[in-house]
Amino acid sequence: MTFSKVCEVSDVPVGDALQVESKGEAVAIFNVDGELFATQDRCTHGDWSLSEGGYLEGDIVECSLHMGRFCVRTGKVKAAPPCEPLKIYPIRIDGSDVFVDFDAGYLAP
């Protein structure tokens with residue numbers, strides 16, 4: 001696994017999201033009650049940014065384009081119209097630094 005530093009914990013306030021990028025891959029970092037999760041940033045239905053155009057409530061992000069919902073912990077679809085889950089990425093916290101493994105993104109079973 002190859003982790004890349006993407007931000008600091010303080011860059012992602014509780015209940016918010018931040019878009020980070022590596023090699024053209026946009027990833028959203030979500031802060032759910034102090035716990036960080038990383039998913040692909042684009043909605044699988046409408047190709048819309050979830051970090052910049054989504055609403056996070058608990059661990060569910062709602063895409064503002066067509067109101068599809070995803071769990072940021074698992075990537076699973078929670079409300080249509082999306083049918084495909086989000087890719088999730090391994091994330092690691094070291095002190096105040098946040099690292100993501102962009103090469104190890106996967107779809108949850």
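Student: Which residue of β6 stands opposite L56?

Tutor: V61 stands opposite L56. Keep in mind that this is a predicted model.

Student: How many bridges join β5 to β6, and which way do the two strands run?

Tutor: Pairing of strands is judged by bridges, and at least two are needed. Here 4 bridges join β5 to β6, which covers residues 60–63. The two strands run antiparallel.

Student: What sheet do the strands form, and in which order?

Tutor: Read the order from one side to the other. The sheet is open and has 4 strands, in the order β5-β6-β7-β8. Their pairing is antiparallel.

Student: Which residues make up the largest nonpolar core?

Tutor: A core is built from buried nonpolar residues, joined through side-chain atoms within 4.5 Å. The largest one has 12 residues. Among them are A17, A28, F30, V32, F37 and C43. L50, V61, C63, F70, V72 and L86 belong to this core as well. So V61, the residue opposite L56, is also a core residue.

Student: What is the second core like, and which residues does it include?

Tutor: That core is separate and has 11 residues. V27, L36, Y89 and V98 are included.

Student: Back to L86. Which residues does L86 touch?

Tutor: Leave out residues up to four places away in sequence. L86 then touches T39, Q40, R42, T44 and L50, among others. F70, G75, Y106 and L107 are also touched by L86.

Student: Now charges. How many salt bridges does a search of the whole structure find?

Tutor: A salt bridge needs a side-chain nitrogen of Lys or Arg within 4 Å of a carboxyl oxygen of Asp or Glu. The search finds 6. One of them joins D47 and R42, at 3.2 Å from N to O. Another joins E62 and R69, whose closest N and O atoms are also 3.2 Å apart.

Student: How far apart are the closest N and O atoms of R73 and D59?

Tutor: They are 2.9 Å apart, in a salt bridge. This pair links distant parts of the chain, 14 residues apart. R73 lies in the loop between β7 (69–71) and β8, and D59 in the loop between β5 and β6. E35 joins D59 and R73 in a network of salt bridges.

Student: Are these arginines buried, exposed or in between?

Tutor: Buried is under 20% relative accessible area, and exposed is over 50%. R42 is at 31%, so R42 counts as partly exposed. R73 is partly exposed at 38%. R69 is partly exposed at 27%.

Student: What about D41: does D41 lack a salt bridge or have one?

Tutor: D41 is buried and has no salt bridge. R42 carries the nearest side chain of opposite charge, 4.5 Å away. D41 sits in the loop between β4 and α1. Apart from residues up to four places away in sequence, D41 touches Q19, A26, V27, A28, W48, S49, L50 and S51.

Student: Which phi value does D47 have?

Tutor: Phi is worth a look when positive in a residue that is not glycine. For D47, phi is near 50 degrees. D47 lies in the loop between β4 (35–40) and α1 (50–53). M67 is another case, with a positive phi of about 65 degrees.

Student: Where does M67 lie?

Tutor: M67 lies in the loop between β6 and β7. Its relative accessible area is 43%, so M67 is partly exposed. M67 is in contact with E62 and A80, leaving aside neighbours within four places in sequence. M67 and G54 are 13 residues apart in sequence, and their C-alpha atoms are 8.8 Å apart.

Student: Is the peptide bond from A80 to P81 cis or trans?

Tutor: Check omega. That bond is cis, with omega near 25 degrees. P81 is in the loop between β8 and β9 (87–89).

Terms used. Residues numbered from 1 in each chain as written. Predicted model: local features only at pLDDT ≥ 70, side-chain atom pairs only at ≥ 80, totals over all residues. Heavy atoms only, no water. Buried < 20%, exposed > 50% of the residue type's maximum accessible area, 1.4 Å probe, protein only. Contact = heavy atoms within 4.5 Å. Lys, Arg positive; Asp, Glu negative; His and termini not counted.
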